[in-house]
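Student: I would like to learn how to read salt bridges and helix contacts in a protein model. Could we go through them step by step?

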Amino acid sequence: MIKAIAVDMDGTFLDSNKNYDERRFNHIFKQLQQQGVKFIAASGNQYAKLVSIFGERDMYFIAENGSVIYNGSELYDYKAFDYDVYKKLIDYIHKERGMSDIIICGLQSAYILKNTSDDFKKNAHFYYRQLQEVDSFDMLPQDEFVKVAFNINRQTHPDLDDELLKKFHNDIGLVSSGRDSVDIIIPNMTKGNALKRLLDKWGLLPSQLMAFGDANNDYDMLELAEYSYVMQNSEDQALFDVANHIAPSNDNQGVLSVIEEQVHIND
């Protein structure tokens with residue numbers, strides 16, 4: 001019996017216009033609560049962004065690809081980079097490799113440089129509701145840093161993924177949320193790891209978990225769940241290999257359709 005449902009956001013729960021059928025979801029969410037089924041948003045997004053999507057609800061939020069977990073509005077658990085590792089990492093990407101379009105993700109806020117392009121700033125402000133523009137990464141406000149996000153230009157930095165893993169192999173992990181979008185995370189602080197910690201807390205098994213995803217950073221979440229669904233619109237063949245089922249595309253509200261069918265939601 002399904003007792004917990006975890007959903008990725010972009011390309012999965014949200015359609016191509018970053019929307020979802022709120023009225024339909026509200027009806028489903030109420031019935032999930034009545035049945036004692038826990039609902040979890042599991043995303044690479046910032047917690048503040050997830051709250052802007054769902055509002056304040058009695059649900060769990062796995063943010064920053066697993067580094068941060070909230071129970072409603074209460075911080076439940078998080079893991080931050082060792083400061084020395086973080087500093088060496090940023091110095092390498094920014095100073096040695098000459099990359100400036102970087103988002104430093106802290107527990108309190110995300111940070112970008114003031115001297116980046118308007119397009120980069122616009123995109124960063126869309127995904128990070130708590131975002132500060134700073135003069136230098138050497139003078140960030142006091143915070144705890146949980147993730148570094150950036151897009152790799154494969155023409156100028158074709159092997160940056162491998163180079164990062166070689167240089168910081170014991171201190172970082174890399175996941176992609178699609179195409180050339182890369183998140184540097186703390187080793188093993190993934191969506192799947194966060195879900196496993198929650199299942200252990202609740203006394204539930206992977207056989208009671210339903211999960212939906214479409215990108216590389218959803219792999220171990222789908223690998224964990226017995227009721228695992230890759231979205232029809234996914235471009236990652238590995239997810240079709242690991243998932244047990246295929247859900248209709250995000251533009252057809254596939255997540256909501258599967259939940260209605262499998263958890264027996266009444267009209």
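Tutor: Let us begin with accessibility: a residue is called buried under 20% relative accessible area, exposed over 50%, and partly exposed in between. This is a predicted model, and in it Lys-196 has a relative accessible area of 36%, so Lys-196 is partly exposed.

Student: Which residue meets the side chain of Lys-196 in a salt bridge?

Tutor: A salt bridge here joins a side-chain nitrogen of Lys or Arg to a carboxyl oxygen of Asp or Glu within 4 Å. The partner of Lys-196 is Asp-200, with 3.0 Å from N to O, and because these two lie four residues apart in helix α6, about one helical turn separates them.

Student: Which salt bridge links distant parts of the chain, with Arg-197 as one of the pair?

Tutor: Arg-197 pairs with Asp-77, their closest N and O atoms being 3.0 Å apart; Arg-197 belongs to helix α6 and Asp-77 to strand β5, 120 residues apart. Arg-197, at 22% relative accessible area, is partly exposed, and Asp-77, at 27%, is partly exposed too.

Student: What is the network that includes Lys-95?

Tutor: Salt bridges link Lys-87, Asp-91, Lys-95 and Asp-138 in a network, in which Asp-138 and Lys-95 have their closest N and O atoms 3.1 Å apart.

Student: How are helices α3 and α5 oriented to each other?

Tutor: Their axes cross at roughly 150° and come within 12 Å; angles over 145 degrees count as roughly antiparallel, and therefore α3 and α5 are roughly antiparallel. Their crossing is right-handed, and the contact includes Leu-89 of α3 and Leu-164 of α5.

How values were computed: Residues are numbered from 1 along each chain as its sequence is written. This is a predicted model: local features need pLDDT of at least 70, side-chain atom pairs count only at pLDDT 80 or more; totals for chains, interfaces and linings use all residues. Side-chain values use heavy atoms; hydrogens and water are left out. Axes are lines fitted to C-alpha atoms, for helices over the stretch in contact, and angles run from 0 to 180 degrees between N-to-C directions. Angles under 35 degrees count as roughly parallel, over 145 as roughly antiparallel, 65 to 115 as roughly perpendicular and the rest as oblique. A crossing is left-handed if the near helix is turned anticlockwise from the far one by less than a right angle, and right-handed if clockwise. Contact means heavy atoms within 4.5 Å. Buried means under 20% relative accessible area, exposed over 50%, partly exposed in between (1.4 Å probe, protein chains only).
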